[in-house]
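Me: I have a structure to read and I am new to this. Can we go through it together, one feature at a time?

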Amino acid sequence: MRLLGVISLVFSLAAGAASARPAADPGVSRGEVVIGGTIPLSGIAASYASVGRGAEAYFKYVNARGGVFNRRITYKYLDDQYNPAQTVQATRQLVQQERVFAIFNTLGTEQNLAVRSFLNAAKVPQLFAGSGATTFGRDYRRYPYTIGFLPSYVGEGKVYARHILRTKPNAKIAVLYQNDDYGKDLLSGFRTGLGAKRRNIVATQSYDPLSTDVSSQIARLRSSRATVFVVIATPPFAIRGLVAANRLGWRPQVYVNQVGAATNIMRIIAATAGPRIIQNAVTLISVKDPTSPRFRNDAGMRLYRQIMRQHLPSGHVNDGFHVYSMAVAHTFVEALRKAGRNPTRASLMRAVASLNVRNNPFLLPGVRVRTSARDHFPLDQGQLQRWRNNTWNPLGKVISARP
Amino acid sequence: MLAARTAIRVLGLALFVAVVVVVPSRISEFRASEFALIGIFFIAILGLNILTGYTGVISLGHGAFMAVGAYTTAILMLGRPGLEAGGLSPPDWLPVGDGMKDVYTIPIAALVAALAGALFGLPALRLSGPYLALATFGVAVATPSVIRKFDSVTGGSGGLNLFDSPNLTGAIFNAVHVPGGRTLTFNDWLYYLTWTIALALFVVAWLIHHSRLGRALRAIRDDEIAAVASGVGLAWHKTLAFSLSALYAGVAGSLLAMSAFSVQPGAFPVDRSIALLVGLAVGGLGSLVPLVAGAVFLVFLPQWAQDLSQAPGVPAVIYGAVLIGLMIVLPTGVGGLLRRVLGPLTSRLYPRSQ
């Protein structure tokens with residue numbers, strides 16, 4: 001192993017890349033910053049592949065305009081098939097073999113949890129974990145090299161609770177949630193937000209993420225005679241759940257959690273079950289919706305469509321994951337710029353914990369990316385939306401979604 | 001004649017050991033972890049081979065037994081204090097201990113998995129052929145959900161983190177001290193641990209193959225009625241084969257938990273079980289050494305496919321095309337090819353019994 005070290009040292013000297021700055025961290029050279037992460041490109045969650053490709057397209061756009069301090073950003077994303085054991089192996093490859101500067105945009109709660117300890121022990125930044133699990137923003141003292149991005153599930157649950165308290169304080173509430181950390185996290189935030197009114201939750205039903213049917217859960221929720229129905233589900237289960245509710249003739253006020261509320265998903269529900277079940281449904285959104293007529297002439301969305309045309313022509317422009325991933329990539333570029341001309345992993349983490357970006361073109365107007373030494377939730381604002389005329393319409397102002 | 005055959009075998013084994021010992025000094029630290037993964041899959045495929053290769057019982061559910069091994073190791077390593085520190089509340093009757101060094105959990109994981117295999121084998125063996133295969137497939141499908149169900153011990157969907165446990169030997173950046181005053185990196189340690197166990201289990205598989213038990217299992221595979229007529233107890237032998245095979249899978253799962261320094265339900269999807277069967281088919285049903293090729297295939301082919309192209313769907317197509325191509329060119333796997341190529345050579349040295 002020592003021999004190999006000598007050989008690799010000789011090679012790196014010969015390449016002359018890292019020799020000029022002996023103090024530089026791995027992955028940063030004169031003209032390049034190499035970062036990496038894992039994304040499911042195949043397997044059950046392959047539809048999330050756009051979260052990698054969109055970010056890559058944004059970095060290409062930045063690189064075409066000179067990069068950051070004349071360094072181009074190279075983003076290596078590896079397929080983990082959404083299997084946490086493979087996330088560990090791929091992350092090991094990125095850190096120990098590809099020697100990336102930071103891990104960026106790795107997708108999934110379990111996937112990010114699996115590598116968190118390893119990355120913190122190696123002092124490799126784990127940036128903008130693709131998960132709303134509250135632990136990624138809350139436990140920064142124990143894991144100082146980790147930060148999330150999505151609004152936390154707990155915060156989102158509280159937003160829905162506050163809206164229900166304001167509009168229907170005495171309504172009976174039924175909840176469908178996914179039986180894992182994501183579903184439980186959001187439900188706990190929802191319960192906390194209701195406070196003393198949590199008695200109003202008259203029925204909760206969970207489903208296993210590998211199951212294929214939720215109709216029996218829906219029948220039980222229906223029999224509770226609830227008039228508010230909160231759906232904490234991924235797209236396939238949001239569709240099945242709401243279609244089943246409609247079939248039973250249930251007409252509650254629906255709240256759909258952000259995870260399952262993309263416009264194309266809602267349109268599938270409307271096309272399958274008719275528009276009535278989701279009429280006036282409510283959700284919380286932070287990222288601009290590429291299908292919304294509101295943003296047809298919006299400068300940020302024009303930029304988005306231009307980047308898609310130039311750097312990701314094979315991608316679907318209406319896929320909201322692309323917008324999300326560009327919002328994350330934009331945040332990384334801002335942080336890298338802030339980390340200075342000669343960024344180190346430590347200076348990058350300091351920059352990540354002192355962001356205040358008002359002009360992220362991919363986020364809703366008024367939503368800021370903001371962090372501080374004691375606030376590790378970059379995106380903690382959103383805007384409630386109401387489903388009308390086959391699209392989401394803003395409902396009130398931008399509000400806080402802090403956990 | 002017998003001496004010549006034994007000499008060749010001992011020589012082959014010595015060569016195998018020599019290669020295993022020398023490899024880490026020739027590869028990078030990261031590659032060592034990849035080669036350890038090959039060893040882990042080699043163990044699992046060796047086990048599946050006892051069931052499918054020798055006995056002719058197809059299992060699409062060996063990922064479940066890997067999960068049993070992995071969770072046994074993870075839970076024993078953390079012990080009651082570790083689990084409770086993670087916010088879990090294991091039931092009082094469950095003997096989870098107070099935390100155990102990782103290597104000591106391997107034999108326990110093996111036994112628990114073997115027990116699970118025997119328990120599953122008892123009722124399932126009333127089914128035959130494709131029906132049994134479907135039953136095992138059902139187990140594989142249910143595994144992640146069952147793990148999530150018992151979240152007071154398994155940690156639910158988030159799983160259990162072993163990296164911070166003091167019972168994980170040499171967690172990444174602490175050098176591992178081995179006898180003889182040498183130190184190893186975590187990945188090299190994983191490599192040596194995995195391959196030491198793999199070699200031992202390989203020898204056991206070889207002994208089974210050449211024993212009375214192995215002959216009985218092959219008799220069952222070739223013709224159940226004839227086997228019974230010759231005095232082979234069907235139920236007992238099939239259950240034993242299931243159990244032994246699950247034992248191997250349990251060891252592989254245990255090592256996988258250490259290598260990934262965590263366990264989650266998501267680490268044991270149906271694909272894992274099917275991949276093992278693919279590895280066995282590529283290595284060659286009923287062979288032993290060539291099964292390494294199956295393990296190499298499982299670890300490297302998805303990566304090579306990804307290196308060629310990351311376009312949507314393309315890696316999966318490459319993987320499938322290579323697999324189909326392999327099965328057309330080598331229907332008996334790498335083992336069959338070796339037998340065809342080396343058969344004429346070795347038969348000159350000694351007469352084959354088969």
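This is a predicted model: local features need pLDDT of at least 70, side-chain atom pairs count only at pLDDT 80 or more; totals for chains, interfaces and linings use all residues.

Reply: Start where the chains meet. The contact takes 30 residues from chain A and 33 residues from chain B. Residues are in contact if their C-beta atoms, placed from the backbone, lie within 7 Å.

Me: Which part of chain A gives the largest share of the side that touches chain B?

Reply: That is α3(A), with eight residues. Both α3 (84-97) and α4 (109-121) of chain A supply at least two residues. Helices are DSSP runs of H or I, at least four residues; strands are runs of E, at least two; both are numbered from the N terminus. On chain A, this side divides into 14 nonpolar, ten polar and six charged residues. Ala, Val, Leu, Ile, Met, Phe, Trp, Tyr, Cys and Pro count as nonpolar, Asp, Glu, Lys and Arg as charged, and the others, Gly among them, as polar.

Me: How is chain A divided?

Reply: Into domain 1 (24-151 + 298-380) and domain 2 (153-285). The bounds come from an automatic or database domain assignment. Their centres, taken over C-alpha atoms, are 30 Å apart. Nine residues of domain 1 and ten residues of domain 2 make the contact.

Me: What is a nonpolar core?

Reply: In soluble globular proteins, nonpolar side chains tend to be buried together. A core is a set of buried Ala, Val, Leu, Ile, Met, Phe, Trp, Tyr and Cys residues joined through C-beta atoms within 7 Å. Here the largest has 225 residues, and V231(A), A44(B) and A113(B) have the most contacts inside it. Helix α2 (residues 29-54) of chain B gives the largest share, 16 residues.

Me: Is R374(A) buried or exposed?

Reply: R374(A) is exposed, because 8 other C-beta atoms lie within 10 Å. The cut-offs are 20 or more for buried, 12 or fewer for exposed, and partly exposed in between. R374(A) is found in the loop between β12 (369-370) and β13 (381-388) of chain A.

Me: Which strands pair in the parallel sense?

Reply: Pairing needs at least two DSSP bridges. In chain A, β1 (residues 32-39) and β2 (residues 72-79) pair this way over eight bridges. For example, T38(A) has L78(A) as its bridge partner.

Methods. Residues are numbered from 1 along each chain as its sequence is written. Chains are lettered from A and ligands numbered from 1 in the order in which they are written. Two residues are in contact if their C-beta atoms, placed from the backbone, lie within 7 Å.
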